[in-house]
Amino acid sequence: HCDANERSHMTAAMALPVAEAVSQVVLAGDILTFPSSSGEKVLCGPGLRRQGHGKLSGQALAVCKSGVVRHKEPSVYWVDSQQKRYVPAKGEYVIGIVTTKSGDIFKVDVGGSEQASLSYLAFEGATKRNRPNVQVGDLVFAQFVVANKDMEPELVCIDSCGRSNGMGVIGPDGLLFKVSLSTARKLLSPNCDVMKNLGELYPFEIVVGMNGRIWVKARTVKHTLLVANVLESCGNMTTEQRKVVFKKLSENVP
């Protein structure tokens with residue numbers, strides 16, 4: 001048996017500088033260090049958390065899910081993984097399915113380990129007399145205001161000013177499908193080529209949730225299915241493969 005001091009020495013010996021780990025595969029339990037003397041504030045994203053004890057306390061990151069380390073200037077690090085199970089995080093926007101109505105609360109399936117709650121007052125213009133028209137089975141685009149491991153996740157469909165800001169019940173038509181969480185994040189990035197290229201071919205409405213659910217609606221059912229197929233498969237394509245697909249699609253646009 002080794003005591004806490006020996007364990008912390010072993011951890012320090014096995015730790016890898018975070019700058020060297022970028023684009024490398026890491027496993028849960030690995031330790032990544034950063035120089036405390038640099039004075040830079042290191043921000044850790046999904047898959048990383050600060051090491052709060054032992055010899056490396058305050059100057060190391062613990063990996064909590066397997067994947068590839070990514071970096072964004074100046075000092076943001078996260079782990080990019082092919083995770084399928086969604087873990088709610090405060091502030092994230094998701095597409096949920098209303099499963100039950102119980103009193104003043106709607107229960108919403110967001111694809112996580114437990115259902116989230118959504119108050120009927122968490123809609124724009126909703127009051128005790130003027131209740132929102134939400135039925136079981138409806139799709140809602142909502143934001144997490146409470147999401148931690150000790151409390152039930154809680155959603156709202158209004159921002160801090162009480163405006164819907166694009167949130168609420170999603171229209172009855174359209175198609176809902178699921179992609180990997182990493183694909184959803186790529187599609188949400190401001191400079192996503194896939195969205196730009198598709199938008200030039202087919203006008204469509206789209207809602208992307210951080211939980212990997214996408215709702216899409218184009219002018220016709222055929223176009224809706226085409227858009228959905230491209231979005232589903234784009235996560236596994238290289239840039240060259242995508243160019244070939246869009247070239248074929250552009251030749252067939254009526």
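Does Lys149 count as buried or exposed, and at what relative accessibility? Hello everyone, let me start there. In this predicted model, Lys149 has 80% relative accessibility, and because anything over 50% is called exposed, it counts as exposed. You will find Lys149 in the loop between β12, residues 139-146, and β13. Now look across to Pro88: it sits 61 residues away from Lys149 along the chain, and the C-alpha atoms of the two are separated by 9.1 Å.

Let me step back to the whole chain for a moment. The protein chain has six helices and 17 strands. Of its 254 residues, 37% are buried. The chain exposes about 14,900 Å², and carbon and sulfur atoms supply 52% of that area. What about contacts between residues at least 6 apart in sequence? Of these, 61% join residues at least 24 apart.

Ser119 gives us a pair of that kind to look at on screen. Ser119 is in strand β11, which covers residues 116-119. Its relative accessible area is 22%, so Ser119 is partly exposed. If we set aside the neighbours within four places in sequence, Ser119 is in contact with Asp104, Ile105 and Leu155. Take Leu155 from that list: Ser119 and Leu155 are 36 residues apart in sequence, and 7.8 Å apart from C-alpha to C-alpha.

Now please turn to the helices, and keep your eye on α4, residues 193-201. Start with its partner α5, residues 221-233: the axes of α4 and α5 come within 11 Å and cross at roughly 160°. An angle over 145 degrees counts as roughly antiparallel, so α4 is roughly antiparallel to α5. The crossing of α4 past α5 is right-handed. Which residues meet there? From α4 we have Val194, Met195 and Leu198, and from α5 we have Val227, Val230 and Leu231. Sorted by type, the residues of this α4 and α5 contact come out as six nonpolar, no polar and no charged.

The other partner of α4 that I want to show you is α6, residues 239-252. Here the helices pack at an angle of about 10°, with the axes of α4 and α6 10 Å apart. Because an angle under 35 degrees counts as roughly parallel, α4 and α6 are roughly parallel to each other. On the α4 side, the residues involved are Val194, Asn197, Leu198 and Leu201. On the α6 side, they are Arg242, Phe246, Leu249 and Ser250. This contact of α4 with α6 divides into five nonpolar residues, two polar and one charged. If you compare the two lists, Val194 and Leu198 of α4 meet residues in α5, and Val194 and Leu198 also meet residues in α6.

I have one last topic, the backbone. Most residues other than glycine have a negative phi. Ser23 lies in the loop between α2, residues 18-21, and β2, residues 25-26. Another is Asn165, whose phi is near 50°, again a positive value in a residue other than glycine. Asn165 is in the loop between β13, residues 154-156, and β14, residues 168-169. With 56% relative accessibility, Asn165 counts as exposed.

How values were computed
Residues numbered from 1 in each chain as written. Predicted model: local features only at pLDDT ≥ 70, side-chain atom pairs only at ≥ 80, totals over all residues. Heavy atoms only, no water. Axes fitted to C-alpha atoms, helices over the stretch in contact; angles between N-to-C directions. Helix = DSSP H or I, 4+ residues; strand = E, 2+ residues; numbered from the N terminus. Parallel < 35°, antiparallel > 145°, perpendicular 65-115°, else oblique. Left-handed = near helix turned anticlockwise from the far one by under 90°. Contact = heavy atoms within 4.5 Å. Nonpolar A, V, L, I, M, F, W, Y, C, P; charged D, E, K, R; others polar. Buried < 20%, exposed > 50% of the residue type's maximum accessible area, 1.4 Å probe, protein only. Areas by Shrake-Rupley, 256 points an atom, 1.4 Å probe, with all protein chains shown as cover.
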